[in-house]
Amino acid sequence: MIEKCNSIEQENSVFEYIGNNYGKCLYLYLDLKKYTIKSDKISAYIQTDGIQVRAVLLVYYSCLHLYSEKDDFDAVEICKFLSGKNITTVYCTESSALKLSVYMDNDISLSVGWVSQIKNMIPFSNKIEITSAKEKDFSQIAYMIYEDDDIGRNYKYEDLIKQLSERVLHGFSRNYVIKDGETVIAHACTNAETENIAVVGELMVKNEYRRHGYGSMIWSYLCDKLLTENKEVYSFYYSSESRRLHHKIGFTEICNWAKILINR
């Protein structure tokens with residue numbers, strides 16, 4: 001049975017179920033921490049077998065975040081839940097994704113990657129100016145993300161612009177850029193951030209500026225800044241190229257991850 005969370009007691013039940021395993025459901029955990037069930041930005045749900053919690057779910061725009069401690073959730077029921085909502089992406093551990101995808105009727109594509117954490121920075125050399133993004137830079141940043149063959153598939157363009165501005169406004173994200181004149185040539189940000197946890201993401205470098213070290217520089221700059229603020233720093237990645245970059249900086253993997261893209 002899937003039940004929507006409408007009370008503080010139910011919200012507390014979600015956090016109790018997650019416990020210290022928030023590294024396996026970072027966006028679910030941080031979005032609920034930031035917005036709470038009182039917000040119209042998110043919707044949280046609990047799936048039970050009538051007695052025990054089997055999974056927790058959170059909907060944010062067109063994304064569903066799923067966490068199940070033992071992967072003992074009712075996949076058929078969750079697929080029915082999905083069919084009644086305009087969900088385009090499901091995020092969860094790889095094992096949960098493999099179980100869920102068997103029962104999905106939609107045309108889907110499954111991408112498998114990793115969740116990683118950095119605790120100690122490998123020393124880096126910053127040879128170029130890196131600044132906080134300004135309001136006028138956000139249209140360029142949104143376009144860079146949207147045009148990316150991998151990351152851009154997760155978003156509707158209108159939702160992306162709205163999410164970027166909302167998260168900065170609410171103090172839930174920060175964006176850094178490298179610029180050539182007025183042109184944003186590299187970008188990195190925190191996709192979610194609380195007083196002690198940050199998830200870094202959306203590392204982008206314009207095609208014509210790649211292979212000059214800009215990605216490593218801005219990524220190292222952001223991670224170093226967060227670590228000096230005594231935050232736990234996490235990242236998600238799906239490609240061998242991105243994996244090499246993370247290992248080079250000092251990230252270590254904590255679990256396998258997956259995203260399911262639903263082609264509606």
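1. R211 is exposed, with a relative accessible area of 82% (exposed means over 50% relative accessible area, buried under 20%, partly exposed in between, with a 1.4 Å probe and protein chains only). R211 belongs to the loop between β10 (197-205) and α7 (214-228), and its phi is near 65°, a positive value in a residue other than glycine. Helices (H or I, at least four residues) and strands (E, at least two) are DSSP runs, numbered from the N terminus.

2. The model is predicted: local features need pLDDT of at least 70 and side-chain atom pairs count only at pLDDT 80 or more, while totals for chains, interfaces and linings use all residues. Residues are numbered from 1 along each chain as its sequence is written, and side-chain values use heavy atoms, with hydrogens and water left out.

3. A positive phi is also found at D71, where the value is near 55° in a residue other than glycine. D71 lies in the loop between β4 and α3 (75-83). Most residues other than glycine have a negative phi.

4. Twelve strands form an open sheet with mixed pairing, in the order β1-β2-β3-β4-β5-β12-β6-β11-β10-β9-β8-β7. β1 (2-4) and β7 (131-132) stand at the edges with a single partner strand each, so one side of each has no neighbour in the sheet. Two strands pair if DSSP finds at least two bridges between them.

5. Strand β6 (residues 107-118) pairs with strand β12 (residues 251-263) in the antiparallel sense over twelve bridges; here D107 stands opposite N263 in β12. β6 also pairs in the antiparallel sense with strand β11 (residues 232-237), over five bridges, and W114 stands opposite Y237 in β11.

6. Strand β3 (residues 53-60) and β4 are antiparallel, with five bridges.

7. The structure holds one cavity of 30 Å³ or more, and the largest cavity has a volume of about 40 Å³. On a 1 Å grid over the protein atoms alone, a cavity is a set of points where a 1.4 Å probe fits but cannot get out, and lining residues have an atom within 4 Å of a point. Grid points are joined across faces, edges and corners, and a volume is the space filled by probe spheres set on the points.

Terms used. 1 Å grid on protein atoms, 1.4 Å probe; cavity = no way out; pocket = protein on both sides within 12 Å on 5 of 7 lines; lining within 4 Å.
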